[in-house]
Amino acid sequence: MVKSTYTIKLAGHDLTIENGEVAKQADGAVLVRFGDTTVLSTVVSKPAAIDADFFPLTINYEEKKYAAGKIPGGFIKREGKPSDGATLIARMIDRPLRPLFPEGFKDEVQVTNLVLSAEPDCSPALAAMIGSSLCLGISDIPFGGPVAAVEVGRVADHFVIAPTKEQQGASDLDITVAGTAASINMVEAGCDQVEESDVLDALEFGEQEIKKLCAFQQQIITEIGQTKRSFVVEKPDKQLESELADQATDALKEAILTNDKQERDQNIAAVKNMILEHYDVAGEDELLKNGADLAEVSDILDDLEKKIVRKLITVDKVRPDHRACDEIRPLTAQIDYIPRVHGSGLFTRGQTQVLSTLTLAPMSEGQTIDDLEEEKIKNFIHQYNFPQFSVGETGRMRAPGRREIGHGALGERALKPVIPATADFPYTIRLVADVLESNGSSSQASICAGTLALMAAGVPIKAPVAGIAMGLIKDEQDYTILTDIQGIEDHLGDMDFKVAGTKQGITASQMDIKVDGVNRNILSQALQQAKKARLEILDVIETTIPAPRKHLSLYAPKVETMQIDQDQIKVVIGKGGETINKIIDETGVKIDIDEDGTVRIMSSEQNKIDRTEDIIRILTKKVKVGEIYEATVIRIEKFGAIVELFHNKQALVHISQLAKQHVDKVSDVVSVGEKMEVKITEVDMHDRIKASHRAIIENKAVASDSSQPSSRRDVRNKNKQSFQHTQHKKAPQFVIKQKDK
């Protein structure tokens, strides 16, 4: 096989496609070089092992630590399961590819993307998206691509394609948009409360670059692509379809038009089972004359159900639960649903219900993210759980799958723009959304429940956030957009467009479609309907709790922040953490110390925080020349006495500074454990301290001599005073003031 190379410019970097040199046994393989980022994309297909009712497409995205010059942590020193970030990228690649496979194609297809090298400013995810499209395009696997994706940011009111890390930090939106040469078919967006019209402009801006990339791919496919394999799609017998439609249409329509999800499912299943039993009893003869079997009857009934639902919505303008197209299901919102937790919110929309629970913890308990970029700590975490009972089913309780990870990340992206900065609210925040009932759009309900929990916990969010899912039923040029889609509309419809935001603007959106693509008119109408619904939901949330509480929960830890000099950090920590661990053991608090000297003390009891602050102030107090302390003698040497000024802070009082007169032996004037007043005379560059007791004696003598009596009575009173210095008023001491309890 001859090596082929193709190059185009993308965001100022070379985007190079190579084929024919590596992975030649795959059905299709390309090496994508985007700047210094290198991704190998391959595809392999084989006949499906079983006759499934779904298309068995698997998208893998593998990040190897060597791509960023790292060695995996832990004992094993090799990559394990994909990270959450890699899982999200695999989902993002899957979503625009899946609708482009022809209907009826059921061969097993596996696309694998290996990140071999990663340059921070050249996204491996975008390279993998293009590579996935191209390896499918040049293979013999039936595929309706090509498809491409770009990242769009906005810096200083100007849109940019594939923004650098620096540009991402200054951008108020982060949108990944994918599509074909004809239209957009996937959106993943995070925004800082951006208006709908600006989001549309960003999508349109990205679409222009997508068309260029698709044309580039099409050129490659035309030159080196294989002939697509043929496959047979068994079409149902028209006579049997007509016969089943006559028998089941009215009954199915009546079953579909039911408000309750479980009752609707039961009624639909009853109609289908009745038809299947009829043919089962009639025996094979009646089916075989049509060349059919019971499985085909079941498929025809499923297709009939879909046609009835779509016709009801597009022609009759009737939804299964009788709502108007822009109507939301009944809403309820509650806070403080669970006792003792730091915050909780229960949000219900129709038969979708989510309980969100919030926990506050020290910033040191944030999540460490160790991927191909620099290691970082995430202090806001949103997680999503979908137990089987929420849809009335049984099953194994398993670890979070791709769906749970994806929905959790979407909720996190929607809420993150309103979370206060850690400088203003120094906590790690964990939100857990447990779906208790599900009939569509549980991911958006988790955002609403999360907002309730945040406000109930007293987290000073910038604004409440709500989410809504929009649907689409499209028939050639006609289409109907649905607000707040339920399960049956999601399953049988053409689009799931989730939009979350505040009253000011959008914070996150995600669009998946089952048709080839959608245009600006559809997106614009969907966003406007979503905004109307979002404002209605926000009114319900703000009626329940108008603003974040001013105080944290009784059970939440309190945090106070103090600042110490950077050179004092080692003093507080101590050798091997000895000092800080001793403080923690004594007070029962949690302590975080940043590299800049910021100290955060966390406890549910204020008196423990106060005690810890006092200890740290003592430890980090810097001694200054001229200060006077009541010190304790802790050691005697030939050359002088070592005294402790305060906790672990020592000074030398030289033998010449112990008394006014000459001293032969230190032990003649002081002993271990004795207290004496000393004045600081020197602090050198190594923080070694010298002090003097003699200076105290001389100062008192000068003060005594300078006192001039004004009368004989004053002289008599003065003569009554003892000449001993111990009768004089002591000099000020270093005292830690206790805060009011």
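**View 1. Pro 72 in a loop.** Pro 72 sits in the loop that runs between strand E5 (57–63) and helix H1 (84–97). Helices (H or I, at least four residues) and strands (E, at least two) are DSSP runs, numbered from the N terminus. This is a predicted model, in which local features need pLDDT of at least 70 and side-chain atom pairs count only at pLDDT 80 or more, while totals for chains, interfaces and linings use all residues. Residues are numbered from 1 along each chain as its sequence is written, and side-chain values use heavy atoms, with hydrogens and water left out. Pro 72 has a relative accessibility of 10% and so counts as buried (buried is under 20% relative accessible area, exposed over 50%, partly exposed in between; 1.4 Å probe, protein chains only). Apart from neighbours within four places in sequence, Pro 72 is in contact with Lys 65, Lys 77, Arg 78 and Glu 79; contact means heavy atoms within 4.5 Å. From Pro 72 to Gln 477 there are 405 residues in sequence and 52 Å in space, C-alpha to C-alpha.

**View 2. Helices H2 and H4.** The axes of helix H2 (residues 124–138) and helix H4 (residues 196–224) cross at roughly 30 degrees and come within 9 Å. Axes are lines fitted to C-alpha atoms, for helices over the stretch in contact, and angles run from 0 to 180 degrees between N-to-C directions. H2 and H4 are therefore roughly parallel to each other (angles under 35 degrees count as roughly parallel, over 145 as roughly antiparallel, 65 to 115 as roughly perpendicular and the rest as oblique). On the H2 side the contact is made by Ile 130, Ser 133, Leu 134, Gly 137 and Ile 138, and on the H4 side by Leu 213, Gln 217, Ile 220, Ile 221 and Ile 224.

View 3. The bond from Gly 145 to Pro 146 is cis, with omega near 10 degrees. Pro 146 belongs to the loop between H2 and strand E7 (148–155).

**View 4. Two residues with positive phi.** Ala 162 is a residue other than glycine with a positive phi, near 50 degrees. Its place is the loop between strand E8 (158–161) and helix H3 (165–170). Ala 162 counts as buried, at 8% relative accessibility. His 322, also not a glycine, has a positive phi near 70 degrees. His 322 is in the loop between helix H8 (294–314) and strand E11 (331–335), and at 49% relative accessibility counts as partly exposed.

View 5. UniProt lists Asp 490 and Asp 496 under "binding site" in an unreviewed entry. UniProt positions are given in the numbering used here, feature names are shortened, and annotations may be inferred rather than shown by experiment. Asp 490 lies in helix H11 (residues 487–492) and is partly exposed, with a relative accessible area of 27%. Asp 496 lies in strand E20 (residues 495–501) and is buried, with a relative accessible area of 11%. Leaving aside residues within four places in sequence, Asp 490 is in contact with Ile 485, Asp 496 and Lys 514. With residues up to four places away in sequence not counted, Asp 496 touches Ala 469, Met 470, Ile 485, Asp 490, Gln 510, Met 511 and Asp 512.

View 6. The unreviewed UniProt entry lists residues 626–694 as "domain: S1 motif". Over residues 626–694 the chain is 52% strand and 1% helix, and the end C-alpha atoms are 13 Å apart.
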